[in-house]
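Here are a couple of exercises to work through with the model open. Try each task before you read its solution.

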Amino acid sequence: MPAASLVPDFSSLRVAVVGDLVADHYVFGRPTRLSREAPVMVLRHESEALGTGGAANAARNVRALGARTLLLGAVGADANGRELRRILEEAGVEVEDVRPVRGWMTPTKTRILGADAGRTRHQVLRIDREPDEPASAAVREAVAARLAALAGQVDAVLVSDYGYGLVGEEVARAAALVRAAGAPVVLDPRACLAPFREATAMTPNLGELAAATGRSPDDLASAEAVAGAAAELRAAYRPRHLLVTLGNRGMALYSDEHPRGLAIRPAGPRDVVDVSGAGDTAAAVFTLALAAGLKAPAAMRLANAAAGVVVMETGAAVCPPDRLRSALPLSPLPERVAAPVAG
């Protein structure tokens with residue numbers, strides 16, 4: 001079957017993305033010499049850019065695939081918050097429900113990247129600037145009220161939890177109302193899983209799966225260990241589907257239909273450029289595919305193909321439909337064996 005026929009037309013879908021918005025700040029430089037002050041490289045500054053992270057990046061990925069995208073969340077009433085809203089609006093994301101909050105900082109991750117001319121830039125250092133307090137109860141309640149009002153009006157909800165406090169009981173209750181109205185609810189979790197019991201899907205990475213089950217990532221080195229942790233998480237939180245993203249080990253899907261798991265090897269070249277934002281892309285594509293009526297294994301294959309596209313670009317990127325169609329033949333089919341996960 002041609003790849004084009006396996007990628008649905010998402011343009012008729014209306015998707016809400018709710019969660020923690022992050023500003024990704026990139027500083028690009030060229031290495032010149034070793035510092036005399038300390039054993040570190042000196043980079044000559046070349047340029048800077050601001051991009052989308054967290055729920056903002058997930059929303060941009062949903063929109064890049066053609067769906068109407070409503071973003072719900074908060075930013076600080078600061079320069080990075082204003083620029084983040086501008087970037088998203090320019091990309092076609094509806095940001096009327098992104099609330100500027102006075103006295104609160106837009107979470108910002110500054111990545112310093114360097115390389116000689118003509119070479120791919122690589123991350124040298126990351127500096128995180130974070131608000132001192134999580135989003136207030138008033139902000140959480142306002143966002144949740146808006147999400148609840150969308151019950152019956154959206155085709156899916158993607159909840160993007162980056163641990164900055166917006167995602168909690170309030171959003172979970174509102175998301176449950178949307179799910180009761182027939183739309184899938186997908187949680188891309190960081191810290192807040194318990195309120196989202198019986199979500200349509202959860203999409204943790206390996207570290208998040210380990211943390212949620214009281215393990216370390218090193219404990220999940222084998223396919224059997226991943227499957228055991230997945231079974232424990234599913235028993236505790238009862239998502240219909242659990243998609244675990246495993247980095248260079250691919251992805252694994254667990255559900256009632258596939259309790260022992262389906263595994264898929266990563267798509268694209270083995271040497272990646274930048275994994276930043278790949279989890280956002282995978283969650284966005286998986287959500288869209290479920291909303292379009294695809295079965296979970298087919299949705300995983302689309303998510304895997306899209307992730308293989310964005311890791312070949314510097315910074316958080318998106319995978320538009322034409323690139324997804326081109327990448328899909330490079331993504332293997334899921335297999336009912338765990339061996340590919342062990343890598």
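Buried means under 20% relative accessible area, exposed over 50%, and partly exposed in between (1.4 Å probe, protein chains only). This is a predicted model, where local features need pLDDT of at least 70 and side-chain atom pairs count only at pLDDT 80 or more, while totals for chains, interfaces and linings use all residues. Residues are numbered from 1 along each chain as its sequence is written, and side-chain values use heavy atoms, leaving out hydrogens and water.

**Exercise 1.** Work out which parts of the chain the Arg121 and Glu46 pair ties together.

*Solution.* 
- Start with the contact: Arg121 and Glu46 form a salt bridge (a side-chain nitrogen of Lys or Arg within 4 Å of a carboxyl oxygen of Asp or Glu), at 3.4 Å from N to O.
- Now place the ends: Arg121 sits in the loop between strand S6 (108-114) and S7, and Glu46 in strand S3 (residues 41-54), so the bridge joins parts 75 residues apart in sequence. Strands (E, at least two residues) and helices (H or I, at least four) are DSSP runs, numbered from the N terminus.
- Check the cover: Glu46 has 37% relative accessibility, so it's partly exposed, and Arg121, at 31%, is partly exposed too.
- Widen the view: Arg30, Glu46 and Arg121 are linked in a salt-bridge network.
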